[in-house]
Amino acid sequence: MKRWLPLLVFLILAGFLAKGLFLNPREVPSPLIGKAAPAFSLPVVGNAEAAFTPESMRGQVWLLNVWAPWCVACRQEHAFLMQLARSGAPPIVGLNWKDKSREADALLARTGNPYRAVPDDLDGRVGIDYGVTGTPETYLIDRDGIVRLKHVGPIDESAWNKKFEPKLKEIGT
Amino acid sequence: MIPELGNLALILALLLAITQAVLPIWGAQTGNATLMRVARPAAQGQFAFLLLAYACLLHAFVINDFTVVNVARNSFSQLPVVYRVTATWGSHEGSMLMWVLMLAFWTLAVSLFSRRLPEDMVARVIGVMGVISVGFILFLLATSNPFLRIHPAPLDGNDMNPLLQDWGMIIHPPMLYMGYVGFAVAFAFAIAALISGRLDAAWARWSRPWTTVAWAFLTLGIVLGSWWAYRELGWGGWWFWDPTENASFMPWIAGTALIHSLAVTEKRGTFKAWTVLLALSAFSLSLLGTFLVRSGVLSSVHAFATDPSRGAFILGFLVVVIGASLALYAWRAPRMISGGDFTWFSRESLLLANNVVLLAALGSVLLGTLYPLFMDALGLGKISVGPPYFNAVFVPLIAPALFLMGVGPLARWKDASLPDAVTRLKWALAIAVATGLLLPFTLDGFNPWASLGFFLAMWIALSVLVAFRDRLKHAQGPWLERLRRLPRGFWGMQLAHFGLAWGVAGITLVSNYETERDVRMEPGSFTELAGYRFTFVGSEEYEGPNFVAARATIEVTQDGRRAFTLRPEKRIYNASGMPMTEASLHPNFFRDIYVALGEPLDDSHTAWAVRVYHKPFINWLWIGAALLVLGGFLAASDRRYRIAVKPETVPAAAGLKAQGA
């Protein structure tokens with residue numbers, strides 16, 4: 001029996017590894033889920049006079065997408081966000097996170113703008129309130145301003161169908 | 001056209017690999033010499049086509065062919081040519097192509113240096129390596145093709161990850177892969193021996209030089225990675241117990257155990273099952289490492305692109321290869337009869353104890369690395385396991401192995417005498433204990449961890465001297481002549497052990513006595529650390545080939561005299577916008593002075609967060625590692641591996657050579 005032990009240990013290990021393929025280690029449960037989205041007021045990119053507050057989105061289900069012009073993964077995600085914006089899905093607000101180069105406006109003008117508004121979080125304070133660990137990250141916020149879902153990493157077709165769609169159904173849009 | 005040529009070469013290499021995997025093994029099983037003879041040309045042809053494929057990829061990178069997705073994602077028109085060359089293995093696809101190229105290179109080496117081996121053994125070894133190659137070329141073609149085109153082509157590339165734009169990274173991955181993949185040879189030898197049922201001393205002898213060379217490359221690769229992290233990440237650390245590091249460290253531990261176990265199997269014909277299992281494990285852990293790094297099941301500071309289909313493919317392949325080899329092991333285990341008795345105190349028993357300790361240490365690293373995955377898979381929550389766990393568990397586990405290293409090489413095979421060993425080592429022990437106890441008092445007061453480290457380093461180093469004295473005492477002739485006549489195997493082992501002692505001393509000193517300071521600095525301000533005064537002169541901006549950087553000038557004085565100037569940088573890379581810290585070091589034999597530039601603290605970029613480190617004796621770590629690598633290569637070049645031995649005449653237990661290295 002002893003001689004089969006290495007194989008047995010390996011197969012158990014392989015079982016765990018297989019399970020691991022379907023888990024996302026980067027995704028740490030956010031303490032914000034089920035709580036009110038932290039309030040803030042930030043100037044909007046391209047229009048320094050205007051300010052954006054989450055309060056202004058009350059009564060709507062919306063997405064807060066944390067991105068930055070320097071983030072490569074955000075550029076990958078951009079095409080899908082454009083598609084979402086055209087499809088009439090929930091409005092997307094793009095929190096421009098720690099954009100020191102001040103390129104967001106020009107970049108969006110060049111590649112297309114999927115966002116309803118682009119609040120400018122230059123020093124990253126709002127990012128800290130939301131527990132942003134990296135870009136891109138996306139929060140789904142309901143009509144009462146409660147955070148319902150947090151997604152780490154770029155959103156693609158499968159992430160949208162698997163995570164966002166069921167949550168949106170549950171909220172009832 | 002050239003990328004398509006590369007793709008075609010890859011497909012032809014696959015066809016040859018399939019031929020190489022099927023026909024020679026079939027021939028060996030049926031005794032068909034014609035089929036067995038296919039092994040060498042198939043392996044050589046496969047290598048030629050993979051080399052051609054690699055050259056095509058290299059060409060695409062060098063000429064900035066952004067119609068190739070891989071080039072567009074990982075290169076950039078402003079990237080200096082040397083980094084465009086290294087970008088070929090900086091990407092996932094390119095690095096996997098390098099993986100199979102290395103495997104083909106090792107197979108080529110086996111096909112060239114195996115003339116003295118029985119034909120069926122060669123056929124099986126090359127065949128097994130062909131099976132592995134088939135799996136990985138299929139993986140490339142199915143999930144990670146480096147030659148895919150993109151339409152329309154982007155105007156410019158996304159740039160290579162700036163972290164990799166460092167010359168430590170130029171050679172780290174090839175060396176690491178040489179080691180990883182090199183264990184495939186020992187693996188193939190073990191499988192061939194299991195299939196044929198000939199698990200004799202000859203098999204162990206053939207495996208030894210290959211294993212040692214692979215181990216030396218792996219050591220070099222790991223150390224280069226560590227050295228790169230030390231200089232490039234700007235945190236001043238050299239080992240983070242990151243999953244990716246552990247992924248390379250686990251096969252290294254298994255390989256270390258294998259080298260020692262092979263020695264026993266060759267000399268004494270014992271531990272056969274154990275040695276075979278280690279040979280299977282070392283390569284299996286290399287495959288596991290490839291899986292962990294490439295599948296993204298563990299989160300790591302190394303942000304590799306991850307894709308579940310890739311992970312699923314490697315895992316499937318892992319299950320087939322490792323599962324089949326362990327099943328073969330279980331099936332053949334009853335045939336492995338170990339010869340050669342030994343008593344509780346002999347070189348065999350000491351090596352066995354050492355192996356058990358190494359494996360326990362390996363287990364602790366494996367557990368710590370995969371624990372977050374286990375917890376997550378069982379729905380028990382998200383946790384991360386960090387350096388505190390590894391330092392608390394690994395250090396006490398490895399310490400006995402280091403102690404045994406001092407005794408093992410001096411003990412006789414079969415039956416050693418404990419009183420004799422005590423007589424020979426009592427002075428070494430006394431000096432080592434005294435060093436361990438007293439040295440910390442001259443530095444910073446009593447410190448048990450420092451004591452343990454100093455004791456072990458001194459103990460191993462002195463045991464090396466004792467071993468030389470014992471070997472030279474009874475030899476004839478002048479001293480230099482006696483030294484020259486010692487076999488390279490002996491030199492290699494002692495050099496590696498001495499290097500490890502040196503490294504342990506360095507690790508002990510740097511981890512217990514390093515100091516650092518985090519300060520805000522602006523022109524004219526200064527800080528003091530370890531007897532040095534650091535004066536911030538100012539900072540300036542300059543443009544590199546593919547980045548803009550802020551470079552600070554820091555004058556360092558000692559006792560009022562100007563000592564040297566450090567110029568740490570903070571770079572922003574043009575294509576990715578990624579910020580990078582370029583630390584500035586002033587190394588010498590006794591310490592490194594290390595300065596890293598943090599964030600600017602005001603809008604005009606005149607005040608900066610600056611981290612200053614004093615790293616005592618850190619270079620001993622690199623020196624020790626270099627000796628370890630050198631020792632490995634030296635041992636593998638021993639004359640006895642090159643002289644012709646008819647396998648039939650080698651007795652299973654070569655008891656006559658009981659005094660060998």
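In this predicted model, H10(B) passes H13(B) in a left-handed crossing.

**Helix pair in chain B**
- Residues contributed by H10(B) to the contact include Phe249(B), Met250(B), Ile253(B) and His260(B). From H13(B) come, among them, Leu351(B), Asn355(B), Leu358(B) and Val365(B).
- The residues of this contact divide into 14 nonpolar, 7 polar and 2 charged.
- Helix H10 (residues 243-268) of chain B packs against H13(B) at an angle of about 165°, and the axes are 10 Å apart.
- Because angles over 145 degrees count as such, H10(B) is roughly antiparallel to H13(B).

**Contact between chains**
- In chain B, 30 residues are in contact with 22 residues of chain A.
- Helix H11 (272-295), helix H12 (308-332) and helix H13 (347-377) of chain B each give two or more residues to the side that touches chain A.
- H12(B) provides the largest share of that side, 12 residues.
- By type, the side of chain B that touches chain A has 21 nonpolar, 7 polar and 2 charged residues.

**Sheet in chain A**
- An open sheet of 5 strands runs in the order S5-S4-S3-S6-S7 (chain A), with mixed pairing.
- Strand S5 (120-121) and strand S7 (147-152) of chain A are at the edges with a single partner strand each, so one side of each has no neighbour in the sheet.
- Strand S4 (residues 92-97) of chain A pairs with S5(A) in the parallel sense over 2 bridges. Asn96(A) is opposite Asp120(A) in S5(A).
- Helix H5 (residues 157-171) of chain A packs on the sheet and touches strand S6 (137-141) and S7 of chain A. The direction of H5(A) makes about 175° with that of S7(A).

Key
Residues are numbered from 1 along each chain as its sequence is written. Chains are lettered from A and ligands numbered from 1 in the order in which they are written. This is a predicted model: local features need pLDDT of at least 70, side-chain atom pairs count only at pLDDT 80 or more; totals for chains, interfaces and linings use all residues. Two residues are in contact if their C-beta atoms, placed from the backbone, lie within 7 Å. Helices (H or I, at least four residues) and strands (E, at least two) are DSSP runs, numbered from the N terminus. Ala, Val, Leu, Ile, Met, Phe, Trp, Tyr, Cys and Pro count as nonpolar, Asp, Glu, Lys and Arg as charged, and the others, Gly among them, as polar. Axes are lines fitted to C-alpha atoms, for helices over the stretch in contact, and angles run from 0 to 180 degrees between N-to-C directions. Angles under 35 degrees count as roughly parallel, over 145 as roughly antiparallel, 65 to 115 as roughly perpendicular and the rest as oblique. A crossing is left-handed if the near helix is turned anticlockwise from the far one by less than a right angle, and right-handed if clockwise. Two strands pair if DSSP finds at least two bridges between them.
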